[in-house]
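Hello,

Here is the model I promised to pass on to you. Have a look at it first, and then read on for what came out of it.

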Amino acid sequence: DEIIGQSTSALNLWASDQDREKLLKTLREQNSIQNFNTQVRIASGEIRECLFSAEIIHYNNGPHIITMAIDITDFKRTEEELRESEEKYRMLAENVTDVIWTMDMNLKFLYISPSILQLRGYTVDEAMIQPLDCMIVPDSIGEITTLLTQKLKMIEAGHEEGWASIAFEMEQPCKDGTTIWT
């Protein structure tokens with residue numbers, strides 16, 4: 001109730017007067033604005049990031065602005081933390097000598113680290129399209145298939161440990177025809 005009928009200037013809402021002017025200019029020109037990203041000051045003085053949508057309506061013989069704001073501060077903060085985490089992981093994965101890879105539930109590769117070139121002679125693109133039976137020599141494929149089948153059964157049964165990463169050794173063919181234990 002304490003903010004109804006008050007202007008955003010009177011409430012000292014805008015963290016940036018330029019953003020306020022930009023929003024008002026767009027409203028004057030287009031009569032509405034959608035998802036305008038800006039920072040606002042809340043009652044405590046804290047600055048929060050919001051998406052504003054507004055529309056000019058006519059009521060009681062005069063124009064009024066109906067506004068909706070969605071606070072996206074926590075979303076943006078989480079998004080930034082995720083980006084930073086992915087950046088650190090990517091830097092690590094792309095600079096280790098071990099090959100790191102992930103697969104989906106259909107045993108299709110989702111990621112293979114660039115170290116695959118140094119280890120086996122294949123580029124990431126070449127390795128990504130190889131079926132599993134071309135990535136592992138026949139003697140090792142039985143052991144790997146058994147291990148992956150056990151993991152999938154654990155996942156299907158709802159056991160958390162089925163999702164845990166696993167490390168194992170296997171013999172893999174190299175592009176030059178040799179094999180290497182990884």
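Before the details, one term: two strands are said to pair if DSSP finds at least two bridges between them. Helices (H or I, at least four residues) and strands (E, at least two) are DSSP runs, numbered from the N terminus.

Two notes on how to read the values. This is a predicted model, in which local features need pLDDT of at least 70 and side-chain atom pairs count only at pLDDT 80 or more, while totals for chains, interfaces and linings use all residues. Residues are numbered from 1 along each chain as its sequence is written, and side-chain values use heavy atoms, with hydrogens and water left out.

The overall picture

The chain has six helices and seven strands, and from the N terminus its elements follow the order α-β-β-β-α-β-β-α-α-α-α-β-β. With a radius of gyration of 28 Å, well over the 16 Å that the globule rule gives for 182 residues, the chain is more spread out than a compact globule. That radius is taken over C-alpha atoms, and the globule rule is 2.2 Å times the number of residues to the power 0.38. Along the principal axes, the C-alpha trace spans about 85 × 40 × 30 Å.

Of the 182 residues, 26% are buried; here buried means under 20% relative accessible area, exposed means over 50%, and partly exposed is in between (1.4 Å probe, protein chains only).

Among contacts with a separation of 6 or more, 29% are between residues 24 or more positions apart, where contact means heavy atoms within 4.5 Å.

Strands 1, 2 and 3

Strand 1 (residues 32-41) pairs with strand 2 in the antiparallel sense over eight bridges, and strand 2 (residues 47-59) pairs with strand 3 (residues 62-71), also antiparallel, over ten bridges. If you want pairs to find on screen, Ile33 stands opposite Ala54 in strand 2. Going on to strand 3, Phe52 stands opposite Ala69, and Glu55 has Ile66 as its bridge partner.

The turns are worth a look too. The hairpin of strand 1 and strand 2 has five residues between the strands, and Gly45 there takes a positive phi near 95°. In the hairpin of strand 2 and strand 3, with two residues between the strands, Asn60 has a positive phi near 50°.

As background, most residues other than glycine have a negative phi. Asn35, which is placed in strand 1, has a positive phi near 50°. Asn12, in the segment before helix 1 (17-30), also has a positive phi, of about 55°. Asn12 is partly exposed, at 45% relative accessibility.

What surrounds Trp14?

Which residues is Trp14 in contact with, leaving aside its neighbours within four places in sequence? They are Thr8, Asp19, Arg20, Leu23, Phe36, Thr38, Gln39, Arg41 and Phe52. Trp14 is found in the segment before helix 1 and is buried, with a relative accessible area of 6%. Gln39 is 25 residues from Trp14 along the chain, and their C-alpha atoms are separated by 6.7 Å.

Strands 4 and 5

Strand 4 (101-103) and strand 5 (109-112) have a loop between them that holds Asn106. The two strands pair in the antiparallel sense over three bridges, and Trp101 has Ile112 of strand 5 as its bridge partner. They form a hairpin with five residues between them, and Leu107 in the turn has a positive phi of about 60°.

Is Asn106 buried or exposed? Asn106 is exposed, with a relative accessible area of 68%. Between Asn106 and Asp17 there are 53 Å in space, C-alpha to C-alpha, and the two are 89 residues apart in sequence.

I hope this helps you find your way around the model.

Best wishes
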